[in-house]
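Subject: Structure handover

Hello,

Here is the structure for your files. My notes on what was found in it follow below.

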Amino acid sequence: MEIELDQTFAYLHEVRREPDLTGMPLYSAAADGDVAELVEEASLWGVLAGRLPAAPDALQVQITPHWVREPIIGSLEITLAARRRGKTMRFVQRFPHGRWFREAQRQLQLLRDQKTVGPEETVYSMLLALACDRSSTLRLAPFPTPCIAARSLAACGVRTLGAGRLLADRPVLVNQTLIEDTLRKCCEADTRETGGAVLGQMIRLDQALPGTTTRIVTVLSASVDDHRHAGDTMRFTFDPAALAAAAQIAELRGLGETVQTVYHTHGWKNACGNCNQNPRCPLAEADPSLQDYQLIESLFPSKSTLLPIAGRKLGAPGRSPVLRIHAWRGGRLQAIPWQAYSD
């Protein structure tokens, strides 16, 4: 695939004491790689939404900064024009976040550990776009597209749809047994984190499901736990050999599944059971932490990857954990709606 990039900026990420460019930065690093990551996310987002071809002959990329005040960026708009067999499709997305935002959180913790920044002191994270007299230093490589098979829901074992709703441009179906297993494991592990591999597949239906705008659906069908994965309070480690064994199980099941991702839990205090209603609960909510980002990006670097997390969610009804599924949206992992199914 031929990639043509239309922009002449170099990108820089800085952490500063002031909300402007006065004084010296506390941290400064090139951010071209962070921006290239957003282009990959936009490309996969467009493919899964049915707005871009999966294997274009050529891709034109335009990156437009939206300024807080130049050269400080408030958000980046990425426009993609993909040409396939003489036909061009366009897709536009805006990104207020990116890897630089998470790096700022890491740097702030380091600065506080070093006593450079006080425990209550505010710092400011800035993405800067600096005009270049030459071609941009940003480099883009062809983006790997996930395997998407033309299949029916019935061929994937989907018999009836249950509770929940689908996101129009990223529909996700989750097996009811997988849901029950992850929530049960979360309760059994109590405050200790646990987790396992998640099997599933991406499929292309003959026609879109009601309420959706794309024929591409992600089906998460089963979880595979393994004693080689190790967890403790606020920590969980996945064993690569165990994930390889889960891939073999997927092949033996003969349903066309692969290891799509992993799930893990953020703890649940059974003795209390009030985790969803207690704002002072010390357990993390079922949202991605910085460590979770590092985990999923190392194991499943594709921006098509989903991240299921089970645990507490402040304000959620009931006295039991919830399962939240996160997808790459706008430069970060965000919880999306999904629908259960029975096999």
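Across the interface of domain 1 and domain 2, the rule finds 2 salt bridges, a salt bridge being a side-chain nitrogen of Lys or Arg within 4 Å of a carboxyl oxygen of Asp or Glu. This is a predicted model, in which local features need pLDDT of at least 70 and side-chain atom pairs count only at pLDDT 80 or more, while totals for chains, interfaces and linings use all residues. Residues are numbered from 1 along each chain as its sequence is written, and side-chain values use heavy atoms, with hydrogens and water left out.

Domain 1 covers 2–131 and domain 2 covers 149–342; these bounds come from an automatic or database domain assignment. Their C-alpha centres lie 27 Å apart. In the contact (heavy atoms within 4.5 Å), domain 1 takes part with 18 residues and domain 2 with 19 residues.

The two domains bury about 1600 Å² between them, 58% of it on carbon and sulfur atoms. Buried area here is the accessible area (1.4 Å probe) that two parts lose on being put together, summed over both. Of the area that domain 1 buries against domain 2, 41% is supplied by Glu41, Leu48 and Arg102, more than by any other three residues.

Arg102 also forms a salt bridge with Glu297, with the closest N and O atoms 3.5 Å apart.

On the side of domain 1 that touches domain 2, α1 (32–48), β6 (87–95) and α2 (99–113) each supply at least two residues. Helices (H or I, at least four residues) and strands (E, at least two) are DSSP runs, numbered from the N terminus. The most comes from α1, with 8 residues. By type, that side of domain 1 has 8 nonpolar, 4 polar and 6 charged residues. Ala, Val, Leu, Ile, Met, Phe, Trp, Tyr, Cys and Pro count as nonpolar, Asp, Glu, Lys and Arg as charged, and the others, Gly among them, as polar.

A search of the whole structure finds 20 salt bridges. One of them joins the side chains of Glu37 and Arg102 (3.8 Å, N to O). Glu37 lies in helix α1 and Arg102 in helix α2, so this pair ties together parts that are 65 residues apart in sequence.

Two backbone points remain. A cis peptide bond, with omega about 10°, joins Glu70 and Pro71; Pro71 is in the loop between β4 (58–69) and β5 (72–84). Arg85, in the loop between β5 and β6, has a positive phi of about 50° although it is not a glycine.

Regards
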